[in-house]
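Subject: Two-chain model for you to look over

Hello,

Here is the structure I promised to pass on. Please open it beside this email and follow along.

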Amino acid sequence: MNFRKTLMAAAAATLIAGAVQAEDLKIGFVYVSPIGDAGWTYQHDLARKALEAKYGSKIKTTFVESVAEGADAERVIRKLAQDGNQLIFTTSFGYMNPTVKVAKQFPKTHFEHATGYKRAKNVSTYLARFYEGRYLTGIVAGKATKSNKIGYVAAFPIPEVVRGINAFTIGARSVNPNVEVNVVWTSSWYDPGKEREAAETLMSQGADVLAQHTDSTAVVQAAEDKGKFAVGYHSDMSKYGPKAHLTASTHIWTPYYMSVVDAQMNGKWQSSNTWGGLKEGMVALSDFGPAVTEETKALVQKAIDEIKAGKLHPFQGPLKNQAGEKVVAAGKTMSDDELLKMGYYVEGIIGELPKKN
Amino acid sequence: MPELETIIAIALATVRAGTPLVFAALGELITEKSGVLNLGVEGMMLIGAVAGFAGVVVTGSIAVGLIAAMLAGLLISLIFGVLTLTLQSNQVATGLALTIFGIGLSAFVGLSYIGTPIKGLQPIDIPGLTDIPVIGPLIFGHDLLVYASLLVFAAVAWFLYKTRGGLILRAVGESHEAAHALGYSVIGIRYLAVMFGGAMSGLGGAYLSLAYTPQWAENMTAGRGWIALALVVFATWRPARVVLGAWLFGGITIMGLHLQASGFEISSHLIATLPYLATILVLVLISRDATKIRLNAPASLGKPFHPSD
């Protein structure tokens with residue numbers, strides 16, 4: 001059963017109250033959007049379902065979806081803690097401060113916050129190296145494009161998104177140096193209509209492969225309608241464009257969530273900061289579409305192997321920024337700190353990065 | 001200089017982006033002209049979007065989907081009608097509640113339709129006519145609902161200013177006491193106006209889920225209902241201005257995207273605010289002449305009426 005926001009607090013409480021026995025591990029999940037059938041929250045919920053399948057009656061999971069970031073979140077997180085959830089996953093950046101605040105009031109409850117940077121004795125943070133997946137999808141897009149123009153529909157110019165665009169571009173140019181990537185910002189994480197128009201705009205200007213960092217599936221659908229190609233994000237979006245969908249960079253939370261639950265059950269849970277990628281199984285590509293050639297698949301597999309072996313890093317030198325200035329020297333690799341703060345475009349991207357002012 | 005094809009693409013996209021607003025805003029215009037302020041447009045659009053989508057999934061017919069969308073919008077607006085007209089509840093609060101209710105109900109009903117692919121409404125293609133350079137795609141290159149939105153506009157404009165019914169509707173919106181004294185059923189007329197507004201909002205929502213982005217996704221209107229509401233004021237309750245305003249709003253959004261894609265050095269944040277800035281600017285320009293606004297704004301807008309008063 002799903003409950004809408006207005007009902008959820010009361011409903012979640014009654015749900016939990018009856019059915020659980022004392023020895024079960026109760027785990028709470030807070031989601032920022034509806035689960036749907038693709039997207040950020042959907043991937044977290046896949047992991048939650050995997051936990052239920054693995055541990056069966058030993059755990060009891062509760063989730064609350066469509067929780068707005070801010071005051072609403074604090075109320076929901078506190079409610080979950082009060083209801084005896086010993087482990088609580090808060091899965092959106094905006095839950096950072098509410099999570100830390102509630103964690104102070106419940107020192108025995110363990111919190112896992114996705115994408116944040118504030119930790120405490122009972123608050124861990126975790127994130128995936130999405131840029132590794134972006135790099136791989138860049139390879140696929142770079143091989144698929146005929147016009148050498150790739151369109152990228154993005155939400156907001158924050159480091160996380162810019163990093164993805166850069167990694168994608170570097171990947172595309174690693175197999176096709178003539179590729180140019182054109183970015184259109186929608187200033188919204190979720191607006192199917194606007195994402196669709198952004199996609200149409202890019203295609204009308206010559207792009208024949210599209211990538212996206214927004215939450216709806218409208219971009220893939222637009223590419224399908226126009227007979228072009230698209231790369232999905234978060235989840236496999238091939239349903240919306242059977243022919244257009246080349247692949248998607250997806251997040252796999254299951255292995256991490258299982259390790260956290262194991263640690264919790266063995267009494268070995270510790271506050272930590274996890275940033276895992278392909279190697280840790282937190283990032284993966286979805287199945288390739290019919291348009292992807294064997295040659296491309298082999299190139300991607302090679303890159304996967306090299307990234308896993310530590311031989312290849314998407315942000316390894318020599319790297320130039322948009323203006324042609326060297327940002328990473330040959331033989332060097334960008335540090336995690338630099339990655340997290342990334343605020344410029346690399347070579348091969350058209351247009352200016354919107355400034356913060 | 002942008003190429004001709006780009007300009008045509010912008011023009012087509014502008015009309016597409018404006019069409020859901022045209023439907024919803026014309027519906028709300030009629031509702032407001034009768035003196036009722038229904039802030040539930042966003043909710044009614046979502047209900048229409050999900051009902052239309054469900055209709056197409058179940059029957060496979062776009063026509064059935066469109067009828068379902070209008071009926072659903074109409075039914076949901078009836079709740080508003082009963083509450084505000086018969087039970088005399090506050091129109092602003094009830095309208096807001098209707099939006100929240102619509103968002104929740106559409107999400108609930110739509111759960112099983114998420115991710116269901118459908119074949120959406122395609123642009124018409126008349127051999128010979130659509131192929132004419134420039135004019136062909138501009139006149140004959142839209143989907144049927146775009147033409148329907150123009151028909152609705154013509155019908156609304158004709159009805160309001162050229163028919164006896166329109167005169168009565170406006171009279172009810174200007175002074176319900178006077179209309180009542182003349183023997184017109186104020187409540188009955190307002191019910192009809194509210195229902196028309198609901199049906200048109202439903203149709204606007206269905207344009208999103210059946211033609212614009214043929215899929216159902218929770219909250220897919222993304223605030224367009226509120227824009228439609230603003231458009232009615234922006235247009236000073238004049239049908240032609242509603243249509244132009246909707247296209248202006250859509251056009252500026254699309255222009256922003258094209259400017260970005262052309263590598264024009266302009267902040268995406270600024271571009272995102274442009275449609276709203278333009279709206280405010282036009283509002284300022286229009287409201288310089290306060291008499292003209294008062295001439296068009298229904299004098300009894302938002303005021304409750306009971307025949308016994």
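Below is what was found in it, starting with the interface and ending with single residues.

Please keep in mind that this is a predicted model.

**The interface between chain A and chain B**

Chain A puts 34 residues into the contact, and chain B puts in 33 residues. Together the two chains bury about 2900 Å². Carbon and sulfur atoms account for 55% of that area.

There are three salt bridges between chain A and chain B. One of them pairs A:Glu200 with B:Arg16. Their closest N and O atoms are 3.7 Å apart. Polar contacts across the interface come to eleven residue pairs.

Which elements of chain A give two or more residues to the side that touches chain B? They are strand S7 (180-185), helix H7 (192-204) and helix H8 (218-225). H7(A) supplies the largest share, ten residues. By type, this side of chain A has twelve nonpolar, twelve polar and ten charged residues.

B:Arg224 sits in helix H10 of chain B. Is B:Arg224 buried or exposed? Its relative accessibility is 9%, so B:Arg224 counts as buried, the cut-off being under 20%.

B:Glu42 is 182 residues away from B:Arg224 in sequence, yet the two C-alpha atoms are 6.7 Å apart.

**The nonpolar cores**

Nonpolar side chains tend to be buried together in soluble globular proteins. The largest nonpolar core here has 79 residues. B:Leu29 and B:Trp216 have the most contacts inside this core.

Several helices of chain B each supply at least two residues of this core, including H1 (4-33), H2 (41-59), H3 (62-86) and H11 (239-261). H9(B) gives the largest share, 14 residues.

What does B:Leu29 touch, leaving aside its neighbours within four places in sequence? The contacts are B:Val156, B:Leu160, B:Val232, B:Trp237, B:Arg238, B:Pro239 and B:Val242.

Another core lies apart from the largest one and has 70 residues. Among them are A:Leu51, A:Val231, A:Val260 and A:Met342.

**Backbone points to check**

Most residues other than glycine have a negative phi, and most peptide bonds are trans.

- The peptide bond from A:Gly317 to A:Pro318 is cis, with omega near -5°. A:Pro318 is in the loop between helix H10 (294-308) and strand S13 (319-320) of chain A.
- A:Ser187 is not a glycine, but its phi is positive, near 55°. A:Ser187 lies in the loop that joins S7 and H7 of chain A. With a relative accessible area of 18%, A:Ser187 is buried.
- B:Gln88 also has a positive phi, of about 65°, without being a glycine. B:Gln88 is in the loop between H3 and helix H4 (91-110) of chain B. B:Gln88 counts as partly exposed, at 29% relative accessibility.

**Two buried residues in chain A**

A:His213 is in strand S8 (residues 209-213) of chain A. A:His213 has a relative accessible area of 4% and is buried. Which side chain makes a polar contact with the side chain of A:His213? The partner is A:Arg134, at 3.2 Å. Not counting residues up to four places away, A:His213 also touches A:Tyr152, A:Val153, A:Ala154, A:Ala155, A:Glu160, A:Val161, A:Trp189 and A:Tyr233.

A:Glu74 is in helix H3 (residues 71-82) of chain A. Its relative accessibility is 17%, so A:Glu74 counts as buried. Beyond four places in sequence, A:Glu74 touches A:Pro98, A:Lys101 and A:Val102.

Best wishes

Conventions: Residues are numbered from 1 along each chain as its sequence is written. Chains are lettered from A and ligands numbered from 1 in the order in which they are written. This is a predicted model: local features need pLDDT of at least 70, side-chain atom pairs count only at pLDDT 80 or more; totals for chains, interfaces and linings use all residues. Side-chain values use heavy atoms; hydrogens and water are left out. Contact means heavy atoms within 4.5 Å. Buried area is the accessible area (1.4 Å probe) that two parts lose on being put together, summed over both. A salt bridge is a side-chain nitrogen of Lys or Arg within 4 Å of a carboxyl oxygen of Asp or Glu. A polar contact is a pair of N or O atoms within 3.5 Å; within protein, one must be able to donate a hydrogen and the other to accept it, and residues adjacent in sequence count only if both atoms are side-chain atoms. Helices (H or I, at least four residues) and strands (E, at least two) are DSSP runs, numbered from the N terminus. Ala, Val, Leu, Ile, Met, Phe, Trp, Tyr, Cys and Pro count as nonpolar, Asp, Glu, Lys and Arg as charged, and the others, Gly among them, as polar. A nonpolar core is a set of buried Ala, Val, Leu, Ile, Met, Phe, Trp, Tyr and Cys residues joined through side-chain atoms within 4.5 Å. Buried means under 20% relative accessible area, exposed over 50%, partly exposed in between (1.4 Å probe, protein chains only).
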